[in-house]
Amino acid sequence: MLADIYHRELRDLRISVTDRCNFRCTYCMPFDEYVWIDREELLSFEEITRLTRLFVQLGVRKVRLTGGEPLLRSQLESLITQLCEVPELSDICLTTNASRLVEKAAPLRAAGLSRINISLDTLDADKFKRMTKREDLPKVLNGIFAAKASGFEPIKINMVVERGINDEEIISMVEFCREHEFSLRFIEYMDVGNANAWSSSKIVSKKEILERIHAVYPTEDGDREKISDPAIQFAFSDRRGDIGFIASVTEPFCTNCTRARLTADGKLVTCLFSNDGLDLKTLLRGGATDDALTEVITSVWSKRSDRYSDERLEAMNSSEGYNPRRQKKIEMITLGG
Ligand code: SAM
Ligand code: SF4
Ligand code: SF4
């Protein structure tokens, strides 16, 4: 089994299918305009599938399609069909803002997609507009229910909590998800990319969110389903659903991180906070054989030493503190959140 210098196996692959997005969430893509990857530089579905096959041969069992907004990539369902044919790939999942799910949920399901994660940070239309710079809350809600009607199970809702922006909605989001049997996961606000105005004062920690929820809807002891899962899950004591936490800032999980990322233009990136990646697309389009590509991927992963979130916490707890601008990072929309 292929492992890095800290003995972490390569098990998961996050594939960004586009860097474009129709939203401008302030914590992710705060500017109106970006320089986008040229369309001819995007990996084709055949190229993505070929690389996925090689990653699976090296140990990957789970693929997540993301972006940018993955549903902006036309005919995404035909990529799902191709990925479903990769032997030994047991889990294909999609992360989306749901704005196009009304049209896309049924074709994605028919193509073989089994799981879907949807980002929703608020149920309040004004706050939604402030957070995404768009007025699409009704479309998103309709998209979520279209996914449910199409048979996606489970549907996980991801909520990034930002102090003073949407933290007052923690309980109403819990109630919404309990009512409709969605699995709600809270994501601590991270210093991804270089553009968001992250500061540690904007984080609402897992501990604080859990305390606020527990006071209203008691929860049982939590755990990870698999040791490499980013999320810690807690069941409600009344058995009506569960909640999860991705506590990347206050309880980082680098020790068990088995995730590689493939950017929309074909770079292999080994950490969400990397400042560079290895250009597989140029090798691929230059005629590299499967063996040559496998050798390059093996070489990159076996030298991997990333532990950014662990280091962030160490710095936050040190006398110097943590400077989020200490290194330039690849934007999250490029490398796939
Ligand atoms: N556009 C899709 C979506 O929003 O679901 C997929 C891409 S998005 C980059 C993937 C996930 O990253 C979303 O759940 C989003 O909320 C999360 N995310 C983006 N910026 C973040 C930040 N600064 N801190 C924590 N999570 C963030
Ligand atoms: Fe777009 Fe998703 Fe980033 Fe929001 S979080 S700007 S929907 S890529
Ligand atoms: Fe993995 Fe990097 Fe996140 Fe740590 S900071 S969990 S190494 S992606």
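1. A salt bridge here is a side-chain nitrogen of Lys or Arg within 4 Å of a carboxyl oxygen of Asp or Glu. By that criterion, Arg-304 pairs with Asp-306, with 3.6 Å between the closest N and O atoms.

2. Some ground rules. This is a predicted model, where local features need pLDDT of at least 70, side-chain atom pairs count only at pLDDT 80 or more, and totals for chains, interfaces and linings use all residues. Side-chain values use heavy atoms, with hydrogens and water left out, and residues are numbered from 1 along each chain as its sequence is written.

3. The structure holds 23 salt bridges. The points below take up some of the pairs.

4. Back to Arg-304 and Asp-306. Arg-304 is buried, at a relative accessible area of 3%. Asp-306 is partly exposed, at 21%. The classes are: buried, under 20% relative accessible area; exposed, over 50%; partly exposed, in between (1.4 Å probe, protein chains only).

5. Asp-4 forms a salt bridge with Arg-8. Their closest N and O atoms lie 2.7 Å apart. Both residues, Asp-4 and Arg-8, are buried.

6. Which residues are linked with Asp-4 in a network of salt bridges? The network joins Asp-4, Arg-8, Arg-304 and Asp-306. Please view these residues together.

7. Arg-307 forms a salt bridge with Glu-314. The closest N and O atoms are 2.7 Å apart. Arg-307 has 23% relative accessibility and so counts as partly exposed. Glu-314, at 45%, also counts as partly exposed.

Definitions and conventions
Chains are lettered from A and ligands numbered from 1 in the order in which they are written.
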